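I opened this entry to log what I looked up in the chain below. The notes are in the order in which I took them.

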Amino acid sequence: KVFHGFSNWRVACTKVCNVGWGEAHQGLSAHIERYRNSPLMHESVPDMYRPILLSQGSRVPFPAPTKRIKPPRKGSERIVF
């Protein structure tokens with residue numbers, strides 16, 4: 001609500017901010033479900049590329065996958081890190 005209609009930019013601009021609800025992956029649980037079985041969470045992917053969870057500013061463990069995670073691919077080729 002605060003940003004809706006905002007147009008007082010520090011640089012010359014005619015754009016007006018419009019705030020609206022997003023559709024896909026809204027909320028913490030939706031994001032966890034989206035990524036917990038993602039190839040991004042495969043053991044071959046360096047930790048710096050994986051999504052993280054924070055609680056009160058500290059990293060907490062990401063929930064374990066619910067199925068076997070396949071390694072990431074680009075087309076038909078496996079990505080090597």
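**Fold and confidence**

I counted one helix and four strands in the protein chain; helices (H or I, at least four residues) and strands (E, at least two) are DSSP runs, numbered from the N terminus. I read the order of the elements from the N terminus as α-β-β-β-β. The radius of gyration of the protein chain is 19 Å, well over the 12 Å that the globule rule gives for 81 residues, so the chain is more spread out than a compact globule. That radius is taken over C-alpha atoms, and the rule is 2.2 Å times the number of residues to the power 0.38. Along the principal axes, the C-alpha atoms fill a box of roughly 50 × 35 × 25 Å.

I noted that this is a predicted model, where local features need pLDDT of at least 70 and side-chain atom pairs count only at pLDDT 80 or more, while totals for chains, interfaces and linings use all residues. Residues are numbered from 1 along each chain as its sequence is written, and side-chain values use heavy atoms, with hydrogens and water left out.

I looked up pLDDT, the predictor's confidence in each residue, from 0 to 100. Its mean over the protein chain is 90, and 99% of the residues reach 70 or more.

**Burial and contacts**

I found that buried residues (under 20% relative accessible area, 1.4 Å probe, protein chains only) make up 15% of the 81 residues. For contacts (heavy atoms within 4.5 Å) between residues at least 6 apart in sequence, I noted that 43% join residues at least 24 apart.

Key
Buried < 20%, exposed > 50% of the residue type's maximum accessible area, 1.4 Å probe, protein only.
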